[in-house]
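Hi,

Here's the structure I promised to pass on. Have a look first, and my notes follow below.

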Amino acid sequence: MQKINRNVVLALLSLTSLVFLLFQLCYYKFYLSQKNGAAFFKARGSQSGQDSTRWHVVRKFLGLISSHNIPVYLIDPLILGLVDKDIEHIRSSPDGPSPECKYFCAPRDFTTFALLDKTWKHEVGLFRTAEKMGFQWLKIINKDPRLDGMDDLSGMEIPLHYIFKLASHAIHLVVFYERSGNFLWHGPLRLKQHMDRKFVPFRKLHFGRYPGAYEKPELLLVSIDDLKVQIPKNPSSFLEEMSHSRFLECRYREARAFIQLYPDDASLDAVEFRKKAKSLLHLAALTLNNLGVKFWLSSGTCLGWYRQCNVIPHSKDVDLGIFIRDYKADIIPAFQRAGLLLKHKFGKVEDSLELSFQGEDDVKLDIFFFYEEDDHIWNGGTQAKSGKKFKYLFPKFTLCWTEFVDLKVRVPCETLQYVEANYGPEWKVPVKMWDWKSSPSNVQDNGVWPVDEWDDVIQIY
Amino acid sequence: MDEWKPNPAVKPHKKRSWYLAWKYKLMNQRALRKLCQTGAVLFLLVTVIVNIKLILDTRRAAYEEEEESAQDYDDEMLNVEVPRHPINNKKVLDVEVYSSRSKVYVAVDGTTVLEDEAREQGRGIHVIVLNQATGHVMAKRVFDTYSPHEDEAMVLFLNMVARGRILIFTIKDEGSFHLKETAKNVLKSLGSQVAPFLSWRDMWTFVGKKGGEVYGEKHAKSPALSTWGDPVLLKTEVHLTSVEDAECHWPDTELNRRRKRFCSKVEGYGSVCSCKDPTPIEFNPDPLKDNKVFDVPVAVIAGNRPNYLYRMLRSLLSAQGVNPQMITVFIDGYYEEPMDVVELFGLSGIQHTPISIKNARVSQHYKASLTATFNLFPDAKFAVVLEEDLDISVDFFSFLSQSIHLLEEDESLYCISAWNDQGYEHTAEDPSLLYRVETMPGLGWVLRKSLYKDELEPKWPTPEKLWDWDMWMRMPEQRKGRECIIPDISRSYHFGIVGLNMNGYFHEAYFKKHKFNTVPNVQLKNVESLRKDNYETEIHRLLGEAEVLDHNKNPCEDSFVPDTEGKVYVMFIRMEQEADFTTWTQLAKCLHIWDLDVRGNHKGLWRLFRKKNHFLVVGVPASPYSSKKPSSVTPIYMEPPAKEEGAVAVPAVAAAEQT
């Protein structure tokens, strides 16, 4: 019996091991084929074969695109980064043959191009040709945000992203749309349920995690690695822009619900005020953008955007925020040149600075300067007659782009926290009586200005 | 292992195999054997463990990768799209058709596709067309064959239906009174036994395939003139054919794919779906040289009149200089068929959920459409606004291209319109001539973005105000004294006879005889003279040149204007103040032009043509041009007829249709 036991055990073990070995082999083969075929080969070191594949795929793609007269331009951050280092050289010798493949062979999974929607006709022919050339392609469509703000309009879904895949490389084509604030917008990349989640490693895409807002770029036709391609004229500023391009859509649906609850004030006064506020905001944006000063919608203007996607008609002023590190002495003269008179100036650059300009008629432009601390951000307030100081605390925030009254402007990305800090949890309920010294839920007393400084920190014109 | 001690003393077994022999031989080298065995077991164990680990690892890695690649990129919204029409593999359809005095219905496979039991409505023959392969409803029509001419429309429709389609007929109330021989013969040719003998208040249902079998027919005769036939209910089965058989075999192109999609869904569009030589759906008209409106968005405002939309888009896409990419069709409501038409032509369409009633709904639809247009084309300075019941002249865009700079530069302009309210066959003559008018004609016009964004949009009438958008736009608060530029001969033609404020009689009286330009590439004359101040100079020049007509004659008579050609004549009518249009209205009435409200005036002056002569009418003394009146001439005064009941109501309704 014992003898048999031992033999049986041995036989069983070797059998299992054989089975496992076989299984392992099969599995490995399957795994390999998947990696090679459908998914991407994760090349750690750069092999020359892989390098030239990338270049070939890009070349094929550019051929496809030009055969259909579709103007695309390169926005790939990796390649633009490399190009930027040699930009002088590339600009000066636009046609020179390149001795080595320097840019398009750089190791990466994707090459990203941009396409302006209005410059091409959505034609099916392109995709057929692409298929003939061996590309697999994926189209990501979604709702048109330009109709989102509209009462119950439903248009066709628009293409936001295309991915063309050939061999081990993929081309990511981002579709840009013109928006009302005279800027370009691209949509987020969201996969619908039936889509192939492994078509490409989506996480590695440079565009699509969030929607983005960009200025219309000036383009330059260059020849790099023997390929003619359009690139943004100034790659470094494009890359800079890209790093904070995140765009927030206004919450149109919530805004509609709000209007249902609190019907919009359609009186002539409200219409007039909105018109004035809009033109004041346009003027302020123009002035500050010319100075290169970053600003965002603050207080009531921000609340109006967040709550009702419009100027609050009874708010009586336009409020902007600026980080104190972005403060420039030119701000006041620039506004004065633009025809806005300084109405008052409270505080000083080191503490609680606040500027107020008189716009057309009664509309006031308030600029609050924000001071960053380790765990919060604050801005200050001053009561003119008593010299009392106030401090308004906000949780830390970053800045996003949005579209507001036909303008591309920044707002805090963490808008809800920002609005709630300022207006409390009841921000959804319109309040007509607002006292800036006591109503905000984030206000703190901050002492009194020393009397000898009053002349400096309380200036009223 | 130690327990295992083979007994060497045991006699070798007879059947001892070679294996055992070999084993026993090895046994002698104990130490070596032991080592090998242990090694083998260990190796096996390790292999197994490593294998299991590897499997687990790769599993997890694969799973993570999947998670990873998709996270963040998932559409937050669950995809709730379910195929609208589940694919039905059934080959037979159950069809139920009911005909009676007060109710008709048709059910296909238990789904009611037609039900009409409304009082005083839906009288006549109801026709439903089904796709012979899918059973989908492709068209639904009712022809009130109790009334004259409706049977002709029915014949026209039935002739357009493709062979092989399934036709369902049912009568509600009465459908034979004006059902003439021709129509009866067509029904007979479809296989109906009863149709030739249909008579007063008979009930009738019929299901058949065009050019093929009859699936059933039922008929109930009316026993007496004053009573109706008994209700009839026809239950029958229809055998479906394969999809291939139901489709035409056009060459596989992008255009034909659109055509195929369209033709498998709807019926009643004639040759666009014929298998042989279908009518084109792409027109490629000549481009315009120096086209200034190529980048101007075109908003087509539509409701649920897909046949109109089809006709309209055909003419629009055939106009020289059209840019299909700039066209957006705004459909008021979730109607499928207009959207099908839009897709047939490869245009983009937007549907608008109705939010209000009647006039206010149209008005809200306009607002949404205009706002959306400027959102979609943020660069545009203008938008062309068209409606679904307009024919567009071949030189529509050429006309706009030549005049649009005026709208950009001249602040005193409100719009450019393609429509001349007074441009009838007998009152319009010169395709190259433009006017300035104080009224807003609509019907194909150009809107300036700044006007819309800064003035109109913010105070657009809200839904609860049941205002017509165009009446509102004509109000002095909005127009603020600005004028529109119009052509003498209209560049659009209003063909709609089914509309909110529209009926056949009204259309016949006011729109049918409207002149419509068909000449391509008309070079407009002296466009610069349309600027505010230039126009005054021009008018003074004209008046200076004009011959004063004999004011003793009756202006309504043809002989009032001499039988000449190409001359300029002027007449003076009485007009006490700016808003006194008594005489003008009477004159307009007898000249058979628009008289329902005042249109086409410029500072008390009207310009039109009579007998190919330019004919000017000046209101004295309200018009600043009154000074041109020779002192010997007494302005003509025409008495309005005694007020009739209802005479006021008509203009109010009618005027609204000018949208």
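In chain B, five strands make an open sheet with mixed pairing, ordered E20-E21-E24-E23-E22. Strands (E, at least two residues) and helices (H or I, at least four) are DSSP runs, numbered from the N terminus, and two strands pair if DSSP finds at least two bridges between them. At the edges, pairing on one side only, sit E20 (547–548) and E22 (601–602) of chain B. E22(B) runs antiparallel to E23 (605–610) of chain B, joined to it by two bridges, and B:His602 is opposite B:Leu605 of E23(B). Helix H16 (582–590) of chain B packs on this sheet and touches E21, E23 and E24 (contact: heavy atoms within 4.5 Å).

This is a predicted model: local features need pLDDT of at least 70, side-chain atom pairs count only at pLDDT 80 or more, and totals for chains, interfaces and linings use all residues. Residues are numbered from 1 along each chain as written, chains are lettered from A and ligands numbered from 1 in written order, and side-chain values use heavy atoms, without hydrogens and water.

Now chain A. The axes of helices H10 (299–308) and H12 (415–423) of chain A come within 10 Å and cross at roughly 130 degrees (axes are lines fitted to C-alpha atoms over the stretch in contact; angles run from 0 to 180 degrees between N-to-C directions). Among the residues making the contact are A:Trp305 of H10(A) and A:Tyr418 of H12(A).

Cheers
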